[in-house]
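Me: Hey, I'm new to this one. Can you walk me through it?

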Amino acid sequence: MSEREHTKTDGIGDPAPLGAGSAVFAPLGAGSADLALPAGADPWRSRPRSERMASNKIECNACPVLCQISDGKVGACDRYANSAGVLVRVDPVLLVRKAVAVGQGVEDGALVPFVAAGAQPAADPSEPVFVTAVGASTTYPDYKPAPFIVATQAQGVDMVTVVTEGIFSYCSMKVKIDTDRWLGPEQANVRCSGEVVGHVTTAEYGSQMLSLGGVHHITGGSKKEGRVTVDMMHALGNKQPVELAIDGGSAVRVQAGRPPVVDGVEERRMRVGCGSATIGIFAQQFKDVVDEVVVVDDHITGVLTEHQAGRCLDMRPAGLKVRGRKSTPGRYFQVANPGTGWGGTDIADPMTIVESWDRDLAWPGLRLLMVSTTGEHAQYFVLDGQRVPQPMPMPPEVQRVVERIGENCEPSVATVLFVGGAGGSLRAGVTENPVQLTRAIKRALVNVTCGGAPAYVWPGGGITVMVDVARMPDHSFGTVPTPAIVAPIEFTMRLSDYRELGGHMRFVRPLSEVLATGAWHHDGAPTARRFVAALPDNPWPIGHGPLLG
């Protein structure tokens, strides 16, 4: 596998020379009797696969690729480097704290080198600190204990957090796009750089949904498809924009936490409801300013005077009949084809969905409002003497109701959820009996986080986690060229529960020692740490939920 000159950034700020701020680490176990191992060869590192490897190279065993890296260069993943014959993690491990620790002398974002093992531990910080797995390194080849197993206290209870980066091939991104626009047919292929990387899945209320990535695209297709899929997921996870094209549909640009762009137009509003719901919500406000309202919607188009809301308000029937399939009074399906026009349909002129007027019910001067589910499209008509709708300037009192519809629409954003299967080998970094971790999570004895962000664990077998990438630290995701995604994961529990599930107890170290010396084993470990402030909307991972109950 190739190696590269080191130009990798540390995740925040400008690129730093390889080894800047790094420390010379003492041998494994120095200064810690609990970590002492039998003398002899390092049990965590195998001999190089190639006996002819140059003496100035080291073999990286942090993933199955096994790069041979020259001094001063990085491996193919840009995550590990050879620093004077020592394998190091290029990025610093990221630590989250609730507030700036007074008197610690370190500001958020500052890079702090670890010192040699056996050095004086750092003083406990004055504010709570959580060691995330961002930059922490992995357990590969799987039998090693996690690089950080950190002992802390919460409300007088002894706690442990097991911290590791996971290498995921069974993983995907679920993308929620807030838009009324039709993006493409369900099950249509989604492409990035021409390669199929996912599909359109079932639409939800006010949103179109994409399922991107997954093992069949990462490993089951061509080499290019796998590479493009992983690069796309890596960018989405790190909150960067990605251009996608949907077969038979639209071109979309998505970025976590930002408005989606559909066919070059930035979305502004998420619908307040379907056409029928919009009728019901605003019926009382419509009643006094117009005689009939049609809310155009690709899902359910609503007609006010025929709708139950209009009948309950004793509104006079207007005699308007719209195209489509009638569901119940005042509710119509399929009034037009899906599209990017009014209410997610393909129409530009709302009158095209009006089939006829009942001349016995309609009357000259009838005031008609046609409006979309976001209020972005609206037109006002008055019936003339022949009962033909004539466009008229919208009266201020009608305009206020249309604006009220828009006011009740939330801003359109793209939401990116990472879904990963953590029920495999990375569990060995937590316990010698991996099924015990799975069982403990199902019993709510373990709080699972990703970069300190709360993760939802799906019911059923395994450990399938789902996390909103917008709640994770920046630059949380990496890749390996196998190909696969690298993502952080942390398991927090009571110390007593960790002991009972067969945890690696002799590798548990207090937070003060971790802050001073870094990972328990320095082969492939980060050489420095960086603090960032906790996001205010994230619950604090240690002692969260039922762990202290």
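**A buried charge**

Reply: Let's start with E490, which is buried (under 20% relative accessible area, where exposed is over 50% and partly exposed is in between, with a 1.4 Å probe and protein chains only) yet has no salt bridge, the nearest side chain of opposite charge, R89, being 11 Å away. A salt bridge here is a side-chain nitrogen of Lys or Arg within 4 Å of a carboxyl oxygen of Asp or Glu. For charge, Lys and Arg count as positive and Asp and Glu as negative, while His and the chain ends are not counted.

Me: Before we go on, what should I know about the model and the numbering?

Reply: This is a predicted model, with local features needing pLDDT of at least 70 and side-chain atom pairs counting only at pLDDT 80 or more, while totals for chains, interfaces and linings use all residues. Residues are numbered from 1 along each chain as its sequence is written, and side-chain values use heavy atoms, leaving out hydrogens and water.

Me: OK, back to E490. What does its side chain reach?

Reply: The E490 side chain reaches the backbone nitrogen of A133 at 2.8 Å and the backbone nitrogen of G452 at 3.0 Å. Those are polar contacts, meaning pairs of N or O atoms within 3.5 Å; within protein, one must be able to donate a hydrogen and the other to accept it, and residues adjacent in sequence count only if both atoms are side-chain atoms.

Me: And where is E490 found?

Reply: E490 is in strand β35, residues 484–494. Helices (H or I, at least four residues) and strands (E, at least two) are DSSP runs, numbered from the N terminus.

Me: How many helices and strands does the protein have?

Reply: Eight helices and 38 strands. Buried residues make up 53% of the 549 residues.

Me: What about I485, where is that found?

Reply: I485 is in strand β35. Its relative accessible area is 0%, so I485 is buried. The C-alpha atoms of I485 and F168 are separated by 5.1 Å, although these residues are 317 apart along the chain. Leaving aside neighbours within four places in sequence, the contacts of I485 (heavy atoms within 4.5 Å) include F168, C171, V230 and F418.

Me: How many residues are in the largest nonpolar core?

Reply: The largest nonpolar core has 62 residues, and F418 is among those with the most contacts inside it, along with L212, L244 and F491. The largest share of this core, six residues, comes from helix α2, residues 223–237. There is also a second, separate core of 22 residues, which includes V296, V354, A362 and M370. A nonpolar core is a set of buried Ala, Val, Leu, Ile, Met, Phe, Trp, Tyr and Cys residues joined through side-chain atoms within 4.5 Å.

Me: Switching topic: how many salt bridges are there?

Reply: A search of the whole structure finds 21. One of them joins R89 and D91, at 2.7 Å from N to O. R89 is buried at 4% relative accessible area, and D91 counts as buried at 11%.

Me: Which residues are joined with those two into one network?

Reply: Salt bridges that share partners join R79, R89, D91 and E165.

Me: Which residue does K326 form a salt bridge with?

Reply: K326 pairs with E306, the closest N and O atoms being 2.9 Å apart. K326 lies in strand β23 and E306 in the loop between β21 and α4, so the pair ties together parts 20 residues apart in sequence. K326 is partly exposed at 47%, whereas E306 counts as buried at 18%.

Me: How many disulfides?

Reply: The count is zero, taking a disulfide as a pair of cysteine sulfur atoms within 2.5 Å. As for individual cysteines, C171 is buried at 3% and C312 is exposed at 59%.

Me: Last topic: where are the cis peptide bonds?

Reply: One joins Y140 and P141, and another joins T482 and P483; omega is about 5 degrees for Y140 and P141 and about 5 degrees for T482 and P483. P141 is in the loop between β9 and β10, while P483 is in the loop between β34 and β35.
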